[in-house]
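Student: I am new to this structure. Please take me through one part of it closely.

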Amino acid sequence: MRFSLRRLGMEWGKIGHQRGKVEYTLSAYQQNPYAGVFGEVSYRYYSRLFKTLITIWAPNALLGYSVYTWANWEYDRCSRKLPSQFANEKPAEAGSE
């Protein structure tokens, strides 16, 4: 017989067995995760949230937008034909197709 943790009843999230232990859970449909977000949440939560937005998200968003704008501008600039590059060309003759 092979030794395995599964045989001993140890699975992910169920490590071991305890007698007399009673667990009560609330259904996910009965929970209200946003209860009290606008009234009872402390000042510290909002100050940390805005600090994170200002120090981490805003610079990254601005950097990403500026790189995106520069790349589009550079692509348009490089794909443009300059008339001076084609000044010495002669038009194609009508019968030489």
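Which residues make the nonpolar surface patch of about 750 Å²?

Tutor: Start with a caution: this is a predicted model. The patch is made by Tyr45, Leu49, Phe50, Leu53, Ile54, Ile56 and Trp57. Together they give a nonpolar surface of about 750 Å².

Now place the patch. Leu53, one of its members, is found in helix α1. That helix covers residues 43–79, which is 37 residues. From its first C-alpha to its last, α1 reaches 52 Å. The expected value is 54 Å at 1.5 Å a residue, and the span is close to that. The protein chain has one helix and zero strands.

Leu53 is partly exposed, with a relative accessible area of 39%. Tyr45 is partly exposed as well, at 44%. Patch members must have over 30% relative accessible area, so Leu53 at 39% and Tyr45 at 44% both pass that cut-off.

Tyr45 also has a partner. The count of aromatic pairs comes to one. Tyr45 and Tyr46 form that pair, and its geometry is edge-to-face. The ring centres are 5.3 Å apart, with 70° between the planes.

Next, go to Trp57, another patch member. Here α1 bends by about 35°. A proline, Pro59, follows within four residues.

Further along the helix there is a charged contact. Glu74 forms a salt bridge with Arg77. The closest N and O atoms are 2.6 Å apart. Both residues lie in α1, three residues apart, about one turn of the helix. Arg77 is partly exposed, with a relative accessible area of 39%. A search of the whole structure finds one salt bridge.

The protein chain has 97 residues, and 0% of them count as buried. The chain exposes about 10,700 Å². Carbon and sulfur atoms supply 59% of that area.

Notes:
Residues numbered from 1 in each chain as written. Predicted model: local features only at pLDDT ≥ 70, side-chain atom pairs only at ≥ 80, totals over all residues. Heavy atoms only, no water. Helix = DSSP H or I, 4+ residues; strand = E, 2+ residues; numbered from the N terminus. Expected span 1.5 Å × (residues − 1). Bend = angle between axes of the 7 residues up to and from the residue. Phe/Tyr/Trp six-rings, centres within 6.5 Å; stacked < 30°, edge-to-face > 60°. Buried < 20%, exposed > 50% of the residue type's maximum accessible area, 1.4 Å probe, protein only. Patch = residues over 30% accessible without salt bridge, like charges linked within 9 Å, V, L, I, M, F, W, Y side chains within 5 Å. Areas by Shrake-Rupley, 256 points an atom, 1.4 Å probe, with all protein chains shown as cover. Salt bridge = Lys/Arg side-chain N within 4 Å of Asp/Glu carboxyl O.
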